[in-house]
Amino acid sequence: MSKYFLTIDNGGTNTKAIIFDDNGNQINSVSFPTMRIENKPGFHEIDLNDLWNAIGHAIKKVIRTSKIAAQDIIGVSCVGHGKGLYILDKQKRIFTHGILSTDSRAIEEAERFEKDVSKIYPISHQHVMESQSPVLLNWLKNNRTDIYLNIGYVLAAKDFVRERLTGQIFQEYGDASGNNFLNLSTQQYDSRLFNFFDIPEMFSKMPPLKKYNEEVGEITYKAAEDTGLLQGTPVFAGMFDIDACSLATGVVDDDYFSVIAGTWNINVFPSKKLSELSSGLMNSIYPNGLNLIESSSATSAGNLSMTLQSLMSEEINNAKGSGKSIYDILEDFLEHTDASYSKVIFFPFLYGSNVNPDAEGAYIGIQSSTTKSAIIRSVYEGIAFSHRMHIEKLIKVLGHKPLAIRLSGGGTNSAAWVKIFSNILNIPIQLVSGSELGGLGGAMASAIGIGLYKNIDEAISKMVHIKKEYVPTYNQVKIYDKKYHMYVKLLNTLDKVWTNLKNMQEEIEEQ
């Protein structure tokens with residue numbers, strides 16, 4: 001008889017409740033758009049009461065529509081976006097909004113801290129990003145003292161959801177280490193990091209740390225009412241979504257890279273060694289005990305979603321009227337065009353950049369004859385170019401290309417886009433079965449935690465299934481190499497003027 005696991009995947013774009021069986025088969029999924037609040041430019045927040053209510057409804061619906069009984073679910077794990085900030089007061093109550101990982105309010109603080117990052121890199125082996133929790137806490141301390149002084153607990157996205165399920169508060173090692181909170185040598189919080197970010201008061205607000213597969217509580221009576229889950233069902237610590245997706249694609253060493261084309265542009269591989277400061281890369285604790293080497297930025301599929309909303313509202317409505325999705329129409333378009341179709345270069349920096357803190361989205365090469373279709377295709381390509389910049393940094397550290405890239409995230413829903421990735425990266429792309437790979441990683445945590453599988457390797461052998469490989473096409477690789485080199489050349493040329501552009505924009509706003 002099959003055993004079932006539930007994962008709540010709290011992502012930056014969508015939040016999902018997903019049920020898997022013990023063979024890794026995705027039984028059912030219910031999702032809803034992450035309810036982003038953008039009251040000010042750069043502020044990306046979420047109402048935590050609304051989030052929890054929506055999660056409760058999603059869990060009830062996924063159980064009902066899966067046609068299984070709540071008691072058949074024998075383990076629950078939470079997966080969530082990294083960085084951002086979720087805080088509760090001293091009585092574990094919600095008192096302010098959560099902050100999403102795409103938030104950029106603290107960009108100036110991040111730039112200031114990054115100038116001195118050599119002071120902490122030997123401790124955390126992390127660079128500084130504006131959406132990291134310590135940076136956001138510093139911003140709150142200097143700009144919203146009313147909130148800062150009321151903080152009782154500092155959590156990551158999945159930790160908040162898990163607290164709602166169990167009433168217990170913990171952080172998980174992967175999230176904490178990827179958020180500039182941990183000493184990677186001791187694998188513990190380090191007061192020197194809190195002093196560096198000028199938030200020493202927060203050191204005592206950090207919850208105990210747990211491994212991904214540790215049982216951290218049970219579904220409470222109240223959570224059972226809210227979600228339809230059975231009271232007493234065990235809940236496990238779960239994973240940072242990068243770790244979950246990487247494990248769900250079977251990436252356990254440096255033979256393969258894990259690439260996530262989702263809200264964020266994530267590119268990682270597990271390593272026995274730590275990357276050095278000069279590499280510009282990040283390090284965190286991977287569930288199998290290795291170091292996860294990461295190069296990432298907010299330059300991935302979110303740019304496509306925003307572009308479609310801006311440029312193709314009419315086409316989106318027409319598609320809905322005919323019972324289709326705009327992505328169905330674009331898939332056919334991509335399949336019937338190739339690398340030579342668009343001459344436009346797109347910089348996917350609508351939510352941030354991987355080249356300059358002040359860089360912004362841009363199209364270069366538009367003429368009077370440029371079609372909307374050419375612009376849209378350039379967005380698909382520009383996102384893949386941004387991934388390539390990250391991946392080249394990883395290859396430089398590793399010393400050679402991986403055997404293949406295991407791709408996950410929303411980008412995998414388009415076979416045509418996966419082909420573009422393979423040709424732009426000039427590396428085979430492998431996909432695994434199932435569409436909710438972060439959720440699968442969470443199910444693996446539950447399966448190991450409950451003792452069904454003894455370790456990660458056994459769980460992967462039972463629950464991860466490679467379904468398809470895309471191999472680069474020589475003539476497309478040649479064209480994309482030319483376009484990519486121009487992409488890089490244009491970025492290098494613009495590097496010294498992004499700040500001038502930002503200053504000009506600020507001057508206009510002040511008038």
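## Nonpolar cores

A nonpolar core is a set of buried Ala, Val, Leu, Ile, Met, Phe, Trp, Tyr and Cys residues joined through side-chain atoms within 4.5 Å; buried means under 20% relative accessible area, exposed over 50%, and partly exposed in between, with a 1.4 Å probe and protein chains only. This is a predicted model, in which local features need pLDDT of at least 70 and side-chain atom pairs count only at pLDDT 80 or more, while totals for chains, interfaces and linings use all residues. Residues are numbered from 1 along each chain as its sequence is written, and side-chain values use heavy atoms, leaving out hydrogens and water.

The largest nonpolar core has 50 residues, of which Ile 429 and Tyr 487 touch the most other members. Its largest share, 11 residues, comes from α14. A second, separate core of 39 residues includes Tyr 212, Phe 240, Leu 247 and Met 282.

## Helix α18

Helices (H or I, at least four residues) and strands (E, at least two) are DSSP runs numbered from the N terminus. The buried residues of α18 include Val 477, Tyr 480, Tyr 487 and Leu 491. Seen down the axis of α18, the buried residues fall within an arc of 135 degrees (taken from the directions from the helix axis to the C-beta atoms), so they line one face of the helix. On the other side of α18, Lys 482 and Lys 489 are among the exposed residues.

Contact means heavy atoms within 4.5 Å. Beyond neighbours within four places in sequence, Tyr 487 is in contact with residues including Phe 347, Phe 385 and Met 389.
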